[in-house]
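Please look over the structure below before reading the briefing that follows.

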Amino acid sequence: MNTSANSTIRNQIETLRQALHRHNTLYHAHDNPEISDAEYDLLMQELIALENAHPDLQSPDSPTARVGAPPLAVFETASRALPMLSLDNAFALQDIIDFDNRVKKALQIQDEVLYTAEPKLDGVAVELVYQDGKLAMASTRGDGITGEVITANVRTIRSVPLQIQLQTGAVESRLEVRGEIIMDRKGFEKMNQSREDKNLQVFANPRNAAAGSLRQLDSSITATRPLDIFIYGTGLVPDMNSDSHWDVLKQLKSMGFRVNPLIRPCLTLEKVLECYRELEESRSGLPYDIDGLVIKVDSLRYQGMLGEKARSPRWAIAWKFQAVQGTTRIQAIEIQVGRTGVLTPVAHLEPVRIGGVLVSRATLHNEEEIQRKDIRIGDTVFVERAGDVIPKVVKVITEKRSGNEIPFQMPATCPACGSQAIRSSLEKSDRLESALRCFNARCPAQLKENIIHFASKRAFDIDGLGEKLAGQLVDVGLLTSYADIFQLTIEKLLQLNRMGQKSAENLISAIDRSKKIQLSRFLYSLGIRHVGENIADILARKWGNIDTVMQQTPESLAAIEGIGKIIAESVHGFFSDPGNRGILDGILKSGVEILSPTPIAVKTLEGKSFVLTGTLPNLTRSQAKALIEASGGKVGNAVSRNTSYLIAGEAAGSKLEAARRIGVEIIDEAALMQLVAGTAI
């Protein structure tokens with residue numbers, strides 16, 4: 001083809017792309033379409049035909065990319081400079097009044113604070129990154145700092161702009177926006193009906209369906225799912241010349257992003273309360289699921305002054321709607337055995353949809369709860385679900401009893417191992433606790449739960465050793481204690497059903513990486529009753545090594561501030577047990593290295609805040625964090641103007657760019673050690 005003809009086709013393709021991008025924006029962002037769906041489809045078919053005829057002119061930014069890309073082998077991950085934080089929850093009016101008072105107190109003002117109120121969508125949070133006006137990357141929330149890259153899947157969602165209309169005079173090349181990907185109810189029901197017709201497993205609710213759709217390795221499957229998005233905020237952005245969150249949302253809408261039309265800006269507290277009531281009343285008529293109202297301080301300057309806690313901003317809160325109830329029937333009651341041996345009754349229900357979720361199980365808490373509410377197998381009951389709380393049986397509808405209902409009795413033995421179930425006394429009084437317990441240290445049900453806890457992210461962090469695999473390893477006898485984890489081999493793992501060579505190799509590698517662990521994490525991993533992360537940290541800092549901790553008496557443990565009599569007896573009892581000591585010996589002989597916290601005599605970093613990025617030459621991330629905190633400093637997840645120092649190591653990420661942009665001092669590990677020692681840099 002000659003140059004002139006090729007140029008003509010290129011122009012045709014570009015004209016069609018720009019027209020389709022424009023119509024997408026008009027339809028999804030502005031609710032103001034200029035052409036019918038049929039006309040839009042004709043333009044799309046014309047573009048597809050031209051691109052198929054000229055594959056050298058295809059582009060990932062083309063509207064035709066909505067059909068999906070080649071399948072991925074696995075999702076990559078990406079870190080972000082500003083974390084995607086969770087929100088604190090409120091469940092009552094007083095919680096919101098208290099929030100408003102905290103905001104005013106922190107800002108040292110008495111005047112009304114203006115808020116923006118947004119529907120809390122029940123979907124999947126994502127971050128979209130645009131480079132030079134084009135969608136470059138999309139990622140999930142993940143742990144807030146690191147998320148899975150799902151760009152190919154997000155490109156298939158028609159309401160996600162592949163190109164944006166940059167503001168006139170914009171000089172920044174990068175824009176990060178955040179939103180919620182949802183699936184509306186009609187689309188969800190239609191998709192589930194189609195899956196049922198094909199004898200495929202149906203999704204429990206629209207949120208699960210959206211999450212499952214975004215985690216498809218084949219984006220052509222995602223392209224068939226009825227997904228949508230609403231943008232609610234930003235990450236790192238160019239200066240938008242505004243001090244108002246609402247103004248930022250309006251600017252994002254003008255760029256082509258879809259912003260929820262139910263957002264209400266610049267409200268006093270009284271108006272926020274009205275907005276909540278109106279939204280709760282109208283929620284059932286909305287085309288998608290919502291579970292509350294998000295309240296944000298509208299002033300960006302105030303947001304900066306209020307700052308953030310470890311996992312949530314101080315300038316926003318999620319006010320959950322009142323609990324949603326449904327009526328169903330108890331089909332059976334089974335006993336679950338927890339990590340600490342507690343026997344918990346769980347009701348199996350005729351499935352009922354409550355608040356957008358298909359509920360088939362509900363906790364009955366304990367024997368006293370069953371007796372107090374007179375719950376029987378076969379009863380018709382009210383079941384309540386509030387937010388993400390486990391569903392519970394509220395009351396029995398006794399008027400619907402037929403006489404065939406069966407009273408339930410707690411078992412005398414553990415259903416998992418057959419050991420006697422014992423009702424233990426609280427402290428040394430004669431009062432008995434309401435829970436029955438299995439005290440068999442070899443109980444397989446407890447072992448499974450303990451293995452899951454031992455391998456969890458905040459303990460040994462063994463990637464790949466989750467609930468399903470832990471259960472399988474216990475069932476076949478490969479795990480009889482924690483220590484057996486470090487005796488696993490590729491050959492042993494390959495004996496399991498559906499365990500491939502690569503998966504086995506990955507698990508063994510994860511186990512080997514976990515063998516260096518901080519003392520506080522090690523103590524937490526053991527699952528000692530009453531010992532959470534905070535108590536484990538107190539013990540680690542007080543005694544410094546595992547041998548010293550194990551030698552303590554109940555009296556010496558109880559003498560530590562923050563450790564009471566009950567915790568002291570629990571810790572002493574755990575380490576006095578010969579079986580537990582044998583398991584600990586097995587762990588230590590397998591090559592596990594327990595790292596002691598660094599003792600600090602002087603709080604040289606008092607009043608200073610730090611952020612870590614990259615790989616340091618000598619310290620791990622957790623070691624550096626422990627060192628800073630022991631020296632009186634604080635460690636944050638994101639760089640802000642309140643950050644004293646950014647500690648940058650090799651392969652530093654986007655936090656380094658953020659620090660340079662706002663003028664935060666950047667130091668290395670050596671400079672940190674000087675600060676800790678009290679020596680000027």
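Gln108 lies in the loop between helix α3 (93-107) and strand β3 (115-121), where helices (H or I, at least four residues) and strands (E, at least two) are DSSP runs numbered from the N terminus. This is a predicted model, in which local features need pLDDT of at least 70 and side-chain atom pairs count only at pLDDT 80 or more, while totals for chains, interfaces and linings use all residues. Residues are numbered from 1 along each chain as its sequence is written, and side-chain values use heavy atoms, with hydrogens and water left out.

**Positive phi**
- Most residues other than glycine have a negative phi.
- Gln108, although not a glycine, has a positive phi of about 60°, and at 75% relative accessibility it counts as exposed (over 50%; buried is under 20%, partly exposed in between, with a 1.4 Å probe and protein chains only).
- His530, also not a glycine, has a positive phi of about 75°; His530 lies in the loop between α16 (519-525) and α17 (533-543) and is partly exposed, with a relative accessible area of 38%.

**Aromatic rings**
- The structure holds 12 aromatic pairs, counted when the centres of Phe, Tyr or Trp rings (for Trp, the six-membered ring) lie within 6.5 Å.
- Phe454 and Tyr482 form a stacked pair (planes under 30 degrees apart), with 4.6 Å centre to centre and 10° between the planes.
- Phe454 lies in helix α12 (residues 444-454) and Tyr482 in the loop between α13 (467-475) and α14 (490-493), so the pair ties together parts that are 28 residues apart in sequence.
- Phe454 is buried, with a relative accessible area of 0%, and Tyr482 counts as buried at 9%.
- Ring pairs link Phe454, Phe460, Tyr482, Phe486 and Phe522 into a cluster.

Definitions and conventions
Rings of Phe, Tyr and Trp (its six-membered ring) pair if their centres lie within 6.5 Å; planes under 30 degrees apart count as stacked, over 60 as edge-to-face and the rest as tilted.
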